[in-house]
Amino acid sequence: MQMSASPEDEKCPTMVPVCPPATAPKVIGLYGVPGAGKTFLMNRLKEQLGEERFAFFEGSEVIASVTTGGLDAFKKLDESEKAEYRKRAVQKIKSTCSKARKVGIVTGHLSFWDDERCDHPMKVVTEDDLDTFTHILYLNTPLLMITEQRKKDTERLRPIVSESRLCAWQNYEIKELSSLCMDKNIMLAYLWSGLRCKLSTFIHDIECHDEEYNMAVANDRLDKILSNHSDDVQTVLFLDADKTLSEDDTSETFWKMLEDLKGAHNPLRRLFNKMGQAMMYCETEAWDDDFSSICDAIASKVKLYPQISLLLEKVVEHKHVCPVIVTSGLRLVWEKVIEREGLADVVKVIGGGRINDGLVVTPGVKRSLVVRAREVHGAHTWAIGDSPIDLPMMMAADKAVVVVGKEQTRSKSMDGALRDAILNDGLQARQVLLPYNSLKPRLDPNILPVIHLEDENIQSSIFCRWFQFYHATDDNASKLLSTPMRDDAIRGPALQDAHRKAAHYLSTKYLAQIIGLEPFPVRHPQNKPIDGYRLFNEGQTLIVPLMRGGLPMANGVNEVFPTAQLLHAKFPHDNLEGIVTVILVDSVINSGKSIVEFLQHIKQINDAVRVIVVAGVAQDQAIKGGSAIRAVARSMEVTIVALRVSKNKYTGKGTTDTGNRLFNTTQLD
């Protein structure tokens with residue numbers, strides 16, 4: 001069959017990303033009524049994509065290769081025998097793709113209806129076809145073009161079929177494929193003539209886009225957002241978009257507008273939880289210009305809930321909090337909304353909607369992003385959403401909030417899913433009623449308490465600095481004090497004295513400021529009472545040196561705060577009765593493991609106690625990212641004060657161990 005390339009085909013660039021092939025074969029079916037241009041399109045793809053990572057199959061040729069006597073013999077078989085050879089053909093395709101680790105592209109037929117005397121199409125697609133194909137791209141070629149191409153086909157003898165029959169045939173296949181692909185979880189897209197220039201882009205995306213790749217793209221987006229936001233991101237606020245930030249369901253609105261514009265059918269209800277399929281459908285139904293203009297129109301009408309708007313505006317004042325909108329809907333819409341609100345520099349959006357986004361936001365992706373923020377970046381995490389799609393994100397977060405909208409528009413399936421997550425999976429969440437406080441809550445408020453985002457305690461919890469780190473690395477005083485501590489010639493009592501002096505400095509410069517002071521009466525030399533000052537609740541302060549390296553510095557802290565209690569401890573102790581503040585003291589924080597053991601123990605026995613860690617040196621990686629200390633700081637406030645920060649990851653042993661140098665026991669180690 002001869003077919004000329006369209007102008008759109010000629011000017012479309014070819015994209016060639018390099019992606020490792022998946023272990024399970026991906027097989028793409030090119031479907032369409034006979035004469036739609038499947039063979040021409042496959043040959044064009046073979047030129048564009050090459051055969052290094054792709055395998056191309058003409059369905060009829062494969063059938064001929066597995067049938068004794070070839071295609072002529074196949075045509076003489078009865079239908080049951082034909083079905084058996086079709087099964088062998090598709091198994092051969094699957095086996096070839098699997099062994100060669102290539103993506104298969106196959107021209108195939110769903111049905112035949114060339115005979116005008118037959119009153120319905122004869123479906124020839126088999127269960128084995130549907131079990132093999134992971135994707136089907138249907139050529140929705142204009143009927144007039146199909147008629148002309150059938151007439152010009154010199155390689156096949158095609159009967160004349162009326163345009164009305166072609167129309168009914170094509171409509172039958174579109175409807176049938178839609179149902180079959182939904183049942184078999186096959187990704188389906190319809191290709192209009194003007195969109196075929198995107199086909200190579202489509203197929204490259206299919207080649208690369210598995211769950212692992214999708215997660216990697218999402219995690220990379222988050223890493224870039226957090227690295228660009230601030231050097232001190234402590235809290236990441238994850239928010240769903242549709243029906244969470246506003247009453248609007250922008251995806252629903254998008255399809256309604258596209259239906260008005262082009263007659264496209266809204267796929268969202270039948271594609272629920274099949275977001276990759278929705279993205280492919282969106283790409284084929286909405287051309288780039290249409291997509292952008294519709295997103296503009298939608299964004300201009302979206303109104304954020306006032307409580308959400310005020311919350312996001314307040315984030316601007318807190319650089320340590322990074323808000324990230326994670327939407328399974330349309331990224332572009334929400335970026336435009338945030339830009340209109342003047343928050344684009346602070347609030348970032350992770351989402352998809354187009355192939356170029358490289359990402360489909362699934363419930364698993366939402367969860368993965370929260371886990372990454374916690375474990376890799378050491379951030380305290382909040383998750384705010386409204387539907388079952390958001391529950392994995394909420395389950396992974398430190399704090400979860402369910403947005404509850406008007407009863408007639410809120411998610412109908414959320415109550416059951418939420419109840420199950422709370423009662424069976426241990427979800428601890430709260431609910432906020434938006435936009436009106438008079439709305440009916442979800443579930444029993446005893447298991448899902450109602451809160452207000454504008455409540456001072458809630459905002460304090462969101463904007464709290466869970467981890468604070470103070471150091472004097474660049475101070476001249478620190479440089480003088482740290483010199484004898486780093487001088488290998490200074491050991492024993494002289495080194496202990498250097499550590500004690502360093503603790504003096506840190507106590508007066510930082511601890512007095514962090515904890516605060518309180519006045520108490522003293523007698524002036526002129527024999528009159530005056531106010532003196534001591535550490536706030538000094539008598540209820542416990543200084544705990546991590547033995548043995550922390551003892552000299554702990555003594556220095558105790559000299560500045562003489563009425564504080566001092567407890568020598570190699571292991572955490574249980575008795576904190578009457579204690580308001582615990583000051584843990586160590587000479588060096590390497591991995592932070594020892595400090596974490598004390599912190600976790602203190603939180604377990606009395607989480608009202610304030611804990612501050614004092615150290616001579618803090619290793620840089622121990623206080624950053626997914627370190628053990630930052631992990632603890634997701635559930636309790638942690639403050640660390642150090643004389644200096646070191647990027648040296650070396651852990652001392654023997655003659656280089658700080659404890660040995662402090663007490664002249666290098667030969668005993």
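1. **How to read the model.** This is a predicted model in which local features need pLDDT of at least 70 and side-chain atom pairs count only at pLDDT 80 or more, while totals for chains, interfaces and linings use all residues. Residues are numbered from 1 along each chain as its sequence is written, and side-chain values use heavy atoms, with hydrogens and water left out.

2. **Confidence.** Start with pLDDT, the predictor's confidence in each residue, on a scale from 0 to 100. The protein chain has an average pLDDT of 87, and 90% of the residues reach at least 70. Please be careful with residues 1-22, where pLDDT stays under 50; the model gives this stretch 37 contacts beyond four places in sequence (a contact means heavy atoms within 4.5 Å). Residues 268-275 also have a pLDDT below 50, and this stretch has 20 contacts in the model beyond near neighbours in sequence.

3. **The sheet.** Next, look for an open sheet of 7 strands with parallel pairing. Its order is β10-β9-β8-β11-β12-β13-β14. Strands (E, at least two residues) and helices (H or I, at least four) are DSSP runs, numbered from the N terminus, and two strands pair if DSSP finds at least two bridges between them. At the edges stand β10 (348-352) and β14 (450-451); each has a single partner strand, so one side of each is left without a neighbour in the sheet.

4. **Strand β8 and its partners.** On one side it runs parallel to β9 (residues 321-330), joined by 5 bridges, with Val-236 opposite Cys-322. β8 also pairs with β11 in the parallel sense, again over 5 bridges, and here Phe-238 stands opposite Ala-383. Further along, β11 (residues 380-385) is joined to β12 (residues 399-404) by 4 bridges, the two strands running parallel. In that pairing Trp-382 faces Lys-399.

5. **How covered β8 is.** Buried means under 20% relative accessible area, exposed means over 50%, and partly exposed lies in between, using a 1.4 Å probe and protein chains only. Both faces of the strand are covered: Thr-235, Leu-237 and Leu-239 are buried on one side, and Val-236 and Phe-238 on the other.

6. The loop between β8 and α11 (250-262) holds Lys-243. This residue is not a glycine, yet its phi is positive, near 65°. Lys-243 is partly exposed, with a relative accessible area of 25%. Asp-240 lies in this loop too, and it forms a salt bridge with Lys-366, the closest N and O atoms being 2.9 Å apart. A salt bridge here is a side-chain nitrogen of Lys or Arg within 4 Å of a carboxyl oxygen of Asp or Glu. Lys-366 sits in helix α16 (residues 363-375), 126 residues from Asp-240. Both Asp-240 and Lys-366 are buried.

7. With 17% relative accessibility, Leu-443 counts as buried.

8. **Another cis bond.** Met-547 and Arg-548 are joined by a cis peptide bond, with omega about 5°. Arg-548 is placed in the loop between β18 (541-545) and α22 (551-560).

9. **Other salt bridges.** The structure holds 28 salt bridges. One of them brings together the side chains of Glu-127 and Lys-184, at 2.8 Å from N to O. Glu-127 is in helix α6 (residues 127-132) and Lys-184 in helix α8 (residues 163-184), so this pair links distant parts of the chain, 57 residues apart. Glu-127 is partly exposed at 47% relative accessible area, and Lys-184 is partly exposed at 31%. Arg-340 and Glu-341 also meet through their side chains, at 2.9 Å from N to O. Salt bridges with shared partners join Asp-497, Arg-500, Lys-501 and Glu-559 into one network.
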